[in-house]
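Dear colleague,

I am handing over the structure we spoke about, with its sequence, and below it you will find notes on what turned up when I went through it. Please read them with the model open beside you.

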Amino acid sequence: MTITDQKVSNKKSHESAAGHVSGSAVYTDDQRLPAGMLSLYPVLSPHAHAKITKLDCTAAYEVDGMVMILTADDVAGENNTGVIIHDEVLLPTDEVSYWGQVVVWAVGETEEAARQAATKVIVEYEPLPAIISIQEAIAADSYHLKKQVIKRGEPDTALKDCDRILEGELEVGGQDHFYLETHTSWAVPDGENGYKVYSSTQHPSETQVIVARVLGLPSSHVVVTCLRMGGAFGGKESQANPFAAAAALAAYKTGRPARVSLRRHQDMIVTGKRHNFLGKYQVGFTNDGLITALKAELYADGGWSLDLSPPILMRAMMHIDNAYYIPHLEVQGWIAKTNRVSNTAYRGFGGPQGMVVCEEVVDRIARTLGLSPEVVRERNFYHGTGETSTTHYGQDIVHNRIDLVWTEAKEKSNFSDRQAQIAQFNQTSPYKKRGLAITPMKFGISFTKTDYNQAGALVLIYTDGSIQVNHGGTEMGQGLHTKMLQVAAKSLGVKLDRFRIMPTSTDKVPNTSATAASSGSDLNGQAVKDACEILRKRMATVAVKMLNLDAPEDLVFEDDWIYCRTYPSARIAFEEVVKQTYNERISLSANGFYRTPNIFWDAKLNKGRPFYYFSYGAAVSEVEVDGFTGTFKLRQVDLVQDVGESINPLIDKGQIEGGFVQGMGWLTMEELVWDKIGRLLTYAPSTYKIPTVSEIPEQFNVNLLERAAQDGVIFGSKAIGEPPFMLAISVRESIRSAVAAFGNADYVPLALPATPEATLWAIESVKAASLSALQV
């Protein structure tokens with residue numbers, strides 16, 4: 001029994017595209033309100049760190065429509081939502097740990113009643129000293145957990161024998177997720193000590209566990225369903241949990257449905273961001289630009305609680321090499337404990353922070369030696385076999401495609417000719433300069449926590465031939481459901497119009513991993529395929545008898561027909577076999593399962609093979625920088641991304657474009673500003689700038705690497721969610737190239753994000769260095 005050799009990939013549009021553009025797609029807070037629905041509204045802390053000396057809710061109960069104030073005393077189970085360790089209280093008892101922390105929730109008949117009641121709650125505080133930056137945490141020796149180290153070779157010894165040594169540091173800014181749909185959760189009691197929770201969450205199983213923990217119930221009493229999300233980007237992997245728990249707690253206390261739906265400013269204040277980092281480095285290299293040794297220190301701002309900071313820091317440490325072989329490398333990592341929001345997962349999960357530090361180092365080497373940055377990059381690529389193609393944590397790089405994507409990007413972008421054209425432009429343009437840069441990307445695919453590399457699915461065939469698909473991944477606009485439908489259709493050999501994809505729910509597929517780490521299609525696709533293959537085998541035993549044949553392994557499932565490969569005129573319709581399978585009392589439902597094979601990680605040694613494979617890409621970006629304003633215009637971008645054998649090129653290209661633009665926002669404009677007492681000042685669209693249509697490239701060329709099917713993955717495809725984000729580093733490097741053209745300096749200090757103000761400071765620095773050189 002076989003499936004056809006035809007490719008699964010096609011340009012099918014997103015399965016919910018019409019619903020998205022028409023507004024008919026139903027998100028958590030778009031559902032029809034159940035009778036008696038209550039609304040919650042938070043009371044937020046005005047201090048970054050303080051003791052709670054008084055809590056008086058008396059006046060709140062005078063508000064018409066007010067139901068109750070949820071405090072820590074109302075928690076039935078454990079007052080904690082920490083996901084790795086239990087260090088994150090749902091509601092504080094005696095102390096607040098960051099500005100904007102939820103102190104209590106007001107519960108009202110309407111959201112307006114809850115809001116008015118929240119304003120009447122009196123909370124008095126005694127301010128305490130607060131740590132609000134990585135530098136302050138370092139000075140105070142304030143860290144979560146112990147230092148982590150990955151080491152290869154003997155960097156200290158190698159640094160002594162280098163031709164040259166550079167030292168420096170780079171502050172890497174954070175980033176708000178700014179998804180379209182803010183955090184939203186509904187909790188509905190079922191009357192039998194159970195709760196149905198609708199949550200905008202990337203990890204329904206974890207949300208189920210946390211809600212059950214807070215309510216003091218077994219997980220089986222809580223069903224969590226994610227209809228779809230209006231974006232997430234990592235911000236709803238763990239941080240959806242406290243909002244679902246608050247809604248469930250209100251439902252538990254009142255016996256009525258309850259909802260939490262944050263307003264934009266609340267969401268930006270209360271939720272964690274991409275971790276801001278401080279990177280320090282000492283690098284040794286030859287006069288030809290070959291890196292021989294690197295010692296790096298990475299400090300991640302974890303915030304007030306741990307959240308997912310350990311694996312995020314570890315992935316940054318794993319990606320400090322980006323695409324480069326460094327024979328002697330030591331990277332040390334710390335998680336700073338500060339009085340800020342608990343920072344969390346964000347597209348790339350620490351990888352971008354490590355890689356941008358690496359590219360900062362490479363650019364400094366190039367400019368110090370008077371070489372073009374792309375030359376230094378090429379000379380240091382992983383290559384060959386053995387040691388030169390092995391990472392610093394001990395993983396062999398099999399099927400290395402760095403050179404392949406790099407060469408194709410240079411050719412498709414006409415890189416060399418454009419370099420000459422830009423140099424000519426810069427000679428005649430005193431006030432505007434252009435820059436061109438190419439950067440590589442190597443990104444590991446798999447959860448670094450080995451346990452999470454598993455997935456389940458449930459496929460149901462009904463007697464009319466229609467099919468329902470359930471899987472453990474969540475849909476956040478990235479097109480996962482669309483790909484799963486394509487996988488199921490190919491696996492069963494039927495047309496797409498037979499299928500209905502169901503919302504992700506813990507009562508259909510239990511114990512699932514988060515839809516994260518770019519693994520949604522890899523894991524869930526294999527699980528769906530496994531379920532379909534089980535069903536196909538069952539049906540083949542029925543079909544072979546209906547066709548008067550005796551070899552079920554010779555049957556082909558294709559285009560709603562089942563026929564013999566060697567005798568194709570012997571065929572029967574799919575739905576006829578379905579009916580007969582039912583008549584013979586053979587199950588038409590199947591559970592599929594998949595676990596990623598041959599990966600492991602030794603957390604004590606920080607060595608192993610944590611990734612199933614690597615994703616590769618290269619990007620060429622050209623910018624024009626205005627010397628008076630520091631603003632830039634992105635003139636052209638040429639990307640080459642390795643997606644294996646794409647399941648859906650249309651969706652993959654959309655992910656590449658979106659990831660790149662989001663990465664550009666992080667690197668050039670999305671600036672989080674905190675004041676000296678720990679208050680976030682950029683908590684609204686008016687003060688926090690994200691990329692808009694005016695910032696996208698004038699020419700945006702996206703190329704998928706051809707003839708690149710990957711062994712061992714779902715239909716040869718490769719992950720696409722996170723890797724393109726890092727390609728945007730080419731934008732920052734092209735801005736640096738343009739800034740360098742304003743003067744003549746062997747170092748171009750460019751802050752991150754490279755806002756217009758930061759770019760102007762960099763231009764002034766370059767001009768000052770040139771003037772100083774002339775005076776000498």
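The buried residues of helix α12 pack against α10 (373–379), α11 (402–413), β17 (432–445), β28 (613–626) and β29 (632–641), in what is, please bear in mind, a predicted model. The residues in question are F415, R418, I422 and N426, and, seen down the axis of α12, they fall within an arc of 75 degrees, so they line one face of the helix. On the other side of α12, by contrast, S416, Q424, Q427 and T428 are exposed. The length of α12 (residues 415–428) also agrees with expectation, because its 14 residues should span 20 Å at 1.5 Å a residue, and its end C-alpha atoms are 21 Å apart.

In the loop between α11 and α12 sits N414, which has a positive phi of about 55 degrees although it is not a glycine; with a relative accessible area of 38%, N414 counts as partly exposed. A positive phi of about 55 degrees is also found at N606, again not a glycine, in the loop between β26 (600–602) and β27 (607–609). N606, however, is buried, its relative accessible area being 4%.

A further loop residue that deserves a look is R340, which is found between β16 (328–337) and α9 (351–369). Its relative accessible area is 13%, and R340 is therefore buried, the cut-off being under 20%. Leaving aside neighbours within four places in sequence, R340 is in contact with S97, Y98, I132, N276, D301, G303, W304 and W674. As for E88, R340 is 252 residues from it in sequence, while the two are 13 Å apart in space, C-alpha to C-alpha.

Turning to helix packing, the axes of α16 (residues 649–668) and α18 (residues 729–740) come within 8 Å and cross at roughly 45 degrees, which makes α16 oblique to α18. On the α16 side the contact is made by F660, M664, L667 and T668, and on the α18 side by I729, S730, V731, R732 and I735. By class, this contact of α16 with α18 has six nonpolar, two polar and one charged residues.

Finally, in the loop between α18 and α19 (756–775) lies P753, and the peptide bond leading from L752 to P753 is cis, with omega near 10 degrees.

Key
Residues numbered from 1 in each chain as written. Predicted model: local features only at pLDDT ≥ 70, side-chain atom pairs only at ≥ 80, totals over all residues. Heavy atoms only, no water. Axes fitted to C-alpha atoms, helices over the stretch in contact; angles between N-to-C directions. Helix = DSSP H or I, 4+ residues; strand = E, 2+ residues; numbered from the N terminus. Parallel < 35°, antiparallel > 145°, perpendicular 65-115°, else oblique. Contact = heavy atoms within 4.5 Å. Nonpolar A, V, L, I, M, F, W, Y, C, P; charged D, E, K, R; others polar. Expected span 1.5 Å × (residues − 1). Buried < 20%, exposed > 50% of the residue type's maximum accessible area, 1.4 Å probe, protein only. Arc of directions from axis to C-beta.
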